[in-house]
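This report describes a structure with two chains in plain terms. Please look at the sequence and the model below before reading on.

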Amino acid sequence: MAITLSGDQAIPSPPLSARLTTPQVWGIVMLAPYLLVFLAFVVYPVGYGLWLARHPASYVALYHDPIFARAAVNTLIFLLVGINLKMAIALFLSGFFAQQRTWIKWLSVLFILPWAVPSIPTILSVRFMLNPEWGVINQLIFKFTAEDGPNWLNDPSVALAMAIGVHIWKSLPFWTLILMTGRLAISHDLYEAAEVDGASWSQKFRYITWPSMQTLYITCTLLSMIWTLGDFNSVYLLTGGGPADLTHVLATLGIRYLRLDQLSLAMASIVCALPFVLPLVYFMMKRLSR
Amino acid sequence: MKLPSLREIGNEAKLLLIGIPVLIWTLVPIYHMFLFAISPKEDAFSGKLWPAHPTLNNFKIVFYQEHYFLRDFWIQFFNSVVIALSAGALTLMIATAAAFSISRLRVPGGRWVMNLALFTYFIPAAFLAVPMYRTMGNYGLLNNHWSLILAMVTIASPYAIWVLKQASDKLPVELDEAATMDGATTLQLFRLVYVPLMMPSLVAIGTYAILLAWNEYLYAFLLLSRDTEITLPVALGNFLAADDSPWELLMTTGFIYALPPAAIYYAFRRYMVGGLTAGAVKS
């Protein structure tokens, strides 16, 4: 796939049989370490993984495993709801953070914290906040209403929603920052001209901001989709896939099968995701290797 | 002095109406973690927003390893440091050499390698984890720090090569030509011209790889298992194994674990924002 991609754009390079100059020999030597890493830790594992997933029986077993179907649906919900919500908020907040105010500058410094700190301690912190007995949320609910709060992580849909929330909390700053750089690149004259013509806030967004940010926004959304597919931490550390394995996504399901020693199922579940991942990857590579 | 008009006040109020929820949303999980770290056990579990008796005792327990879950804290901390630094250094060496080779020496097939690397960058890391685990087993590297270091290098280098290639494409070719005219060998060109000019990007990439390896949980918990060999995040995850986990100690350890990356991030923010986010998404 990568080969066909580079085909039309590659700088015509002389055939390898042509005499190599000294710098080119050095070039090969300096490229060799990465090629070795690539062969040993990408090509071999991927090939080995595909080989492990070669039995049709694994796919039949997956098809009959209700947890797999549930995980596939969860992954779709996670992607569709989580990413669109996240990107919409990021687009909105990028406008907020693009405002020239001292206090907003300071706020943006703090705002980046979720992205700067590792996810494990903060996700575990949220996990305890949601603890039905000891968590601060239910204790506050009890204090104000004298009623017990819900058992947050024991309801699969609420638990999945919370995992999506954790994912958004963690990655929102990054995307806001990226969209903000896109916004700051828009010429200010456009807005001033629109202001003179009496354009409303929504008109300015519709006719100036959105057209110039469209491409960036879509690129970000696709990239975020690929990365979110691999988001293991948000689900695993918050719910552990529970209750009753109902909140797994594809990223955690593979690991679950691995832990149950069902390696071929683990690989087969990943192979099932490839038809969705590869087109996205292809599209992103076209975008980035321009 | 001009008094702010009604419209300006309204604007400011609207901005505050966005800013305050954003601030609360951002800080609550971190504040909650900090709160646990400075609370004695009774206060931590009482749901108070500020402990009645704030204490640093939890930190003392962690630092002196005075709890069953923390008996290997310093070794695990040290493991995290060694793995993060090694992964950072190795990534930097491999990626710089590769970017130099592709961008400056225009090695045949360089573009091809670039695309393969980019392809790897887009495979979700959690998908590669399962085959990677088996591969490390086949290589006999399981429960060895090298397995995690090499896995992190594999994951970090594609992006590193891509960013470094973008940056080095911007250096004028005349520099290389002039140096070669003066009789510089390829290695001298690399050492004396290329690396010094690429310093800002190298700092950004080194930091990126170090943070990636320090923060990694999934691969660390798959590839390492002995208590004296795991990294801090895996140790944090292991707290959950018990029903009566000492959450205040878990949060304290988590807080200590989160400090170095946050400090590094803020210290190198200038480089990170310029070098990484600009390269992350090209519109």
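Domain bounds come from an automatic or database domain assignment. By that assignment, chain A is divided into domain 1 (1-52) and domain 2 (65-288). Their centres, taken over C-alpha atoms, are separated by 35 Å. Two residues are in contact if their C-beta atoms, placed from the backbone, lie within 7 Å. Between the two domains of chain A, 5 residues of domain 1 are in contact with 7 residues of domain 2. On the domain 1 side, helix 2 (residues 22-52) of chain A gives the largest share, 3 residues. That side divides into 4 nonpolar, 1 polar and no charged residues. Here Ala, Val, Leu, Ile, Met, Phe, Trp, Tyr, Cys and Pro count as nonpolar, Asp, Glu, Lys and Arg as charged, and the others, Gly among them, as polar.

The model is predicted: local features need pLDDT of at least 70, side-chain atom pairs count only at pLDDT 80 or more, and totals for chains, interfaces and linings use all residues. Residues are numbered from 1 along each chain as its sequence is written, while chains are lettered from A and ligands numbered from 1 in the order in which they are written.

The term pLDDT is the predictor's confidence in each residue, from 0 to 100. For chain A its mean is 84, and 92% of the residues reach 70 or more. Helices (H or I, at least four residues) and strands (E, at least two) are DSSP runs, numbered from the N terminus. Confidence in chain A is lowest in helix 1 (residues 2-7), with a mean of 42, and highest in helix 4 (residues 66-97), at 91. Over residues 1-9 of chain A the pLDDT is below 50, and this stretch has 12 contacts in the model beyond near neighbours in sequence.

Chain B has 14 helices and 0 strands. Its C-alpha trace spans about 75 × 70 × 30 Å along the principal axes. The radius of gyration of chain B is 24 Å, whereas a compact globule of 283 residues would have one near 19 Å. This radius is taken over C-alpha atoms, and the globule rule is 2.2 Å times the number of residues to the power 0.38. Among contacts in chain B between residues at least 6 apart in sequence, 77% join residues at least 24 apart.

A residue is buried if 20 or more other C-beta atoms lie within 10 Å of its own, exposed if 12 or fewer, and partly exposed in between. Of the 283 residues of chain B, 47% count as buried. Helix 4 (residues 73-104) of chain B has 32 residues and reaches 45 Å from its first C-alpha to its last, close to the 46 Å expected at 1.5 Å a residue. The expected span is 1.5 Å times one less than the number of residues. Because 23 of its 32 residues are buried, helix 4 of chain B is largely enclosed by the rest of the structure. Arg106(B), which follows this helix, has a positive phi near 50°.

Where the chains meet, the contact takes 74 residues from chain B and 85 residues from chain A. The chain B side divides into 54 nonpolar, 17 polar and 3 charged residues.
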